[in-house]
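Visitor: Hi! Could you walk me through the rings and the core in this one?
Guide: Gladly, here it is.

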Amino acid sequence: IPNKVVNHLGLVVDVNLHTKSGKYYIEIDVPVSSVPVSYHGAYHYRSGSTKQELKGAPLHKFLLSKVGLSWERQPVPGATLNDIDEAAIKSFVQKASAQQRISTNAVNTDTLTFLENLDLINENGELLMAALLLFGKRPKKYAPAAYFKIGRFGKSHSDLKFQDLVEGNLLDMADRVMEILSTKYLIRPISYKGLQRLEGLEYPEAALREAILNAIIHKDYSGTTIFLSVYDDRLMIWNPGELPSSLTVDLLKEKHSSQPRNRLIADVFFMAGYIESWGRGIDIMMEGCREYGLPEPIIAEE
């Protein structure tokens, strides 16, 4: 038994012979493994009553989690400071300084020190994936799914009228998505308050912006891209990335702590003043829609 376990699983187990009530039995003592365990070179997980084999992106994510890493913290081979956009750093420093969440002296800090202070470079001096997503000249070069797709549809999802792709660093992405939605996809119904002409968007801007930021910050960038589908009577934002194991859709609507998938990315967005760190994003969306006289957003995990 010990030899077969070593050959098939790479585990060293203790096999003990015991007696009870005049009968013999075998105890196989399997220690908790600190590394992922494969069977004949393949990795499996239990889903209900079935056994599923992990492959591709799910396997990659599983292996990273077992060694205490997340996708955003992976070093990027071949990436150098030449891949970093100095203008993106300058824009961030201005926003973070205005929020008093970074020293005004940061504007005079060299790029290497700046990235080190944000923990975007590892101890070996390698750029992390989060650095390229946040401040890279071409994030899509290293993360092919790092873009935002917007589509205008007719009565069904098969009736695509036109579309836009928003690329570039993540900090600029939210602003550009909102701008494109406002100027091209959504209408501004005209109303009056006394003699004052009002032209707000058909959706509450604060709620819409929060939903877009939520999708960008919490996205699983090892998967596919973010889709925002605009219809006559609704819009739908879809992004890959399951909820943390401690959260459910129902719990999202209650008071909960912020649990970002991408901690480094979320910290930079917080410093720039885009988000809070109180886990109130869902509340902002719900309250915004109610105040606008609209139904609460439907949140679903599939």
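Visitor: Which ring does the charged end of Arg101 sit over?
Guide: The ring of Phe270, with the charged end of Arg101 4.0 Å from its centre. A charge sits over a ring here if NZ of Lys or CZ of Arg is within 6 Å of the ring centre and within 35 degrees of the ring normal. Before we go on: this is a predicted model, where local features need pLDDT of at least 70 and side-chain atom pairs count only at pLDDT 80 or more, while totals for chains, interfaces and linings use all residues. Residues are numbered from 1 along each chain as its sequence is written, and side-chain values use heavy atoms, leaving out hydrogens and water.

Visitor: And what about Arg234, which ring is under its charged end?
Guide: That would be Tyr231, whose ring centre is 3.9 Å from the charged end of Arg234.

Visitor: OK, ring pairs next. How many aromatic pairs are there?
Guide: The count comes to eight. Rings of Phe, Tyr and Trp (its six-membered ring) pair if their centres lie within 6.5 Å; planes under 30 degrees apart are stacked, over 60 edge-to-face, and the rest tilted. One of the pairs is Phe153 with Tyr231, which is stacked at 5.4 Å centre to centre and 25° between the planes.

Visitor: Where do Phe153 and Tyr231 lie?
Guide: Phe153 is in strand S5 and Tyr231 in the loop between S9 and strand S10 (235–238), so the pair ties together parts 78 residues apart in sequence. Helices (H or I, at least four residues) and strands (E, at least two) are DSSP runs, numbered from the N terminus.

Visitor: Is Phe153 buried or exposed?
Guide: Phe153 is buried, at 8% relative accessible area, and Tyr231 is buried too, at 6%. Buried means under 20%, exposed over 50%, and partly exposed in between (1.4 Å probe, protein chains only).

Visitor: Which rings link up into a cluster?
Guide: Phe92, Phe114 and Phe135 do, through ring pairs.

Visitor: Switching to the core: which residues touch the most other members?
Guide: Phe92, Phe135 and Phe269, in the largest nonpolar core, which has 62 residues. Such a core is a set of buried Ala, Val, Leu, Ile, Met, Phe, Trp, Tyr and Cys residues joined through side-chain atoms within 4.5 Å.

Visitor: Which element gives the largest share of this core?
Guide: H7, with nine residues. Helix H7 spans 170–185.

Visitor: What lies apart from it?
Guide: Another core, of eight residues, including Ala207, Met285, Met286 and Cys289.
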